[in-house]
Amino acid sequence: MKKVKILLGVAILGVAGFFVIAADHIDAPAVTGGTSDITDFYAFQGSNTNNIAFVANVQGLLAPADTGAASFDENVMIEINIDTDGDAVEDLVIQAAPRDGKMYFFGPAAPATTGTSSTFLTGVTPNTVDITSYGSSAVVATNGGMSFFAGPRDDPFFFDFGAYSAIIAGEATSFDNPGMDTFAGSNVMSIVVEVPKSMIGGSGNINTWVETKRKQ
Ligand SMILES: [Ca+2]
Ligand SMILES: [Ca+2]
């Protein structure tokens, strides 16, 4: 489910019909708990049938008391990759990077480089949204049929990590009923982009994944 290089996080993957989820809480040591640590990636139909929404969450397990001080890292780019022709190579990317309280979104557009290295898209005008502060109503920016959000959110992921670990260790054979949501009450830093499917193109089936990349 996960490939890690030093300073690089990748949450994979998903095929088919504009609905995918990839999960990746609890990460490899090089990025665990860091500002580039991906928790989850979601893609699903947007607010109408013509749109698709992408959600990338990082910096998981933020305690409420710590969330107000959490921030996106200005040296970390979050890149949403979209493969539209089934070869598992991105044809389009959406890139997000913060500066001075705003999140800048580039694309979707064809990347100059594919794979593990990325450069910011050139020749496109980024869209911006004020990063929502913890406890405030969501600030959403819209432009050209696209919508953008960036800020802390309650982690929507549900998983009983304690029971999972016990099963893996051979100390249990099944999950408890009810289970315990390890992520209940914890927060993530989230970016959300909704775009018209017409901007994605292709056959309607896509592969999509998210990467975080630290400035070198
Ligand atoms: Ca491709
Ligand atoms: Ca890429």
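Colleague: Why is Leu-61 called partly exposed?

Modeller: A residue is buried if 20 or more other C-beta atoms, placed from the backbone, lie within 10 Å of its own, exposed if 12 or fewer, and partly exposed in between. Leu-61 has 19 other C-beta atoms within 10 Å, so it is partly exposed. This is a predicted model, in which local features need pLDDT of at least 70, side-chain atom pairs count only at pLDDT 80 or more, and totals for chains, interfaces and linings use all residues. Residues are numbered from 1 along each chain as its sequence is written, while chains are lettered from A and ligands numbered from 1 in the order in which they are written.

Colleague: Where does Leu-61 lie, and what is its phi?

Modeller: Leu-61 belongs to strand E5 (residues 51-62); strands (E, at least two residues) and helices (H or I, at least four) are DSSP runs, numbered from the N terminus. Its phi is positive, about 60°, although Leu-61 is not a glycine.

Colleague: What makes Ala-88 buried or exposed?

Modeller: Ala-88 has 12 C-beta neighbours inside 10 Å and therefore counts as exposed. Ala-88 sits in the loop between strand E6 (76-83) and strand E7 (92-99). Although not a glycine, Ala-88 has a positive phi of about 65°.

Colleague: Which residues does a cis peptide bond join?

Modeller: One such bond links Gly-107 and Pro-108, with omega about 10°; Pro-108 is part of strand E8 (residues 102-109). A cis peptide bond also joins Asn-177 and Pro-178, with omega about 5°. Pro-178 is located in the loop between helix H2 (161-168) and strand E12 (187-196).
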